[in-house]
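These are my notebook entries on a structure that I had not examined before. I set down what I looked up, entry by entry.

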Amino acid sequence: MSTIIAPSILSADFSHLADEVKKISDAGAEYVHIDVMDGTFVPEITIGAGVVKSLRKYSDAVFDVHLMVEHPETQIKSFADAGANIITFHAEATNHAHRIIQQIHELGLKAGVAINPGTSLSAIEELVEDAEMILIMTVNPGWGGQKFIESMLGKIHMLYHMIQEMETDCDIEVDGGINPETSVDVREAGANILVAGSAIFGAKDVAKAIKEIRGKEITHHHHE
């Protein structure tokens, strides 16, 4: 399974967002990871659907919208209308995750469910067969540039096996502290969509940074 790179615009220059989005798409990133923060679920406030809508004109990339917000069910439609392709909400932000996945599907989009480092996989076990993607946060959400939490590798690996055992198709995305070094570990653990912020936007050569994070193809040996 080839690795998809999803640069996080949290690390982009917000005064030139369209150029930044175009730059990463041109440099080979398949996805654009759009961090939506409401100042309540996480301390910071970033951008809303209006900005996503205006960015849509500048890129054909998959818009991977990560809602770090309370009451995600109230935001799904506006981000769908703005041109999101995947909407990911946090398991911690709702008691009705299953219903929100249905809501996203009804709008013709792919659904993702995210969990924070302190949240157990049991929170999403019942959702793996319905969601297209599970996002494992490998830092505590809310700020860019944090260090990768090593203990999350076991969680990624457990999720990978859970998905294999259920014989379902579900992507594993990781977000937080991803760089060419940590990329190897998370890909070996089973992740196939990698979010990276400062490691890409901070690089002199963005295409080279994306290539280094993508790394060499890893083959997973399945035990029958």
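How exposed is His-161, in relative accessibility? I looked this up and found 34% for His-161, which counts as partly exposed, given that buried means under 20% relative accessible area, exposed over 50%, and partly exposed in between (1.4 Å probe, protein chains only).

**Entry on the model.** I note that this is a predicted model, in which local features need pLDDT of at least 70 and side-chain atom pairs count only at pLDDT 80 or more, while totals for chains, interfaces and linings use all residues. Residues are numbered from 1 along each chain as its sequence is written, and side-chain values use heavy atoms, with hydrogens and water left out.

**Entry on His-161.** I placed His-161 in helix α5; helices (H or I, at least four residues) and strands (E, at least two) are DSSP runs, numbered from the N terminus.

**Entry on the nonpolar cores.** I took a nonpolar core to be a set of buried Ala, Val, Leu, Ile, Met, Phe, Trp, Tyr and Cys residues joined through side-chain atoms within 4.5 Å. The largest one has 65 residues, and Ile-9, Ile-124 and Leu-159 touch the most other members. Helix α5 (residues 152-166) gives the most to this core, namely 6 residues. Another core, of 7 residues, lies apart from it and includes Ile-4, Ala-6, Tyr-31 and Ile-193. In soluble globular proteins, nonpolar side chains tend to be buried together.

I then listed the contacts of Ile-9, where contact means heavy atoms within 4.5 Å. Leaving out residues up to four places away in sequence, Ile-9 touches Phe-14, Leu-17, Val-21, Val-32 and Phe-201, among others.

**Entry on helix α1.** Which residues of α1 are buried? I found Leu-17, Ala-18, Glu-20, Val-21 and Ile-24. They line one face of the helix, because they fall within an arc of 165 degrees seen down the axis of α1; the arc is that of the directions from the helix axis to the C-beta atoms. Asp-19 and Asp-26, on the other side of α1, are exposed. The cover over the buried residues of α1 includes β1, β2, α2 (49-55), β3, α7 and α8. Just after α1, Gly-28 takes a positive phi of about 110 degrees.

**Entry on helix α8.** I found Val-206, Ala-209, Ile-210 and Ile-213 buried in helix α8 (residues 206-214). They are on the same side of α8 because they cover an arc of only 100 degrees around the axis. The buried residues of α8 pack against β1 (4-7), α1 (17-26), α6 (180-189), β8 and α7.

Pro-180 is in helix α6 and touches Glu-212 and Ile-213, not counting residues up to four places away in sequence. At 26% relative accessibility, Pro-180 is partly exposed.

**Entry on loop residues.** Is Thr-138 buried or exposed? Thr-138 is buried, at 0% relative accessibility, and lies in the loop between β6 (133-137) and α5. Beyond residues up to four places away in sequence, its contacts include Lys-147, Phe-148, Met-152, Val-174 and Asp-175.

Glu-167, in the loop between α5 and β7 (171-175), is exposed, with a relative accessible area of 73%. Glu-167 has a positive phi of about 50 degrees although it is not a glycine. I found a positive phi of about 50 degrees for His-71 as well, which is not a glycine either; His-71 lies in the loop between β3 (62-68) and α3 (76-82).

Gly-202 sits in the loop between α7 and α8 and is exposed, with a relative accessible area of 62%. The C-alpha atoms of Gly-202 and Ala-12 are separated by 8.4 Å, although these residues are 190 residues apart along the chain.

The residues lining the largest pocket divide into 11 nonpolar, 11 polar and 2 charged. Here Ala, Val, Leu, Ile, Met, Phe, Trp, Tyr, Cys and Pro count as nonpolar, Asp, Glu, Lys and Arg as charged, and the others, Gly among them, as polar.
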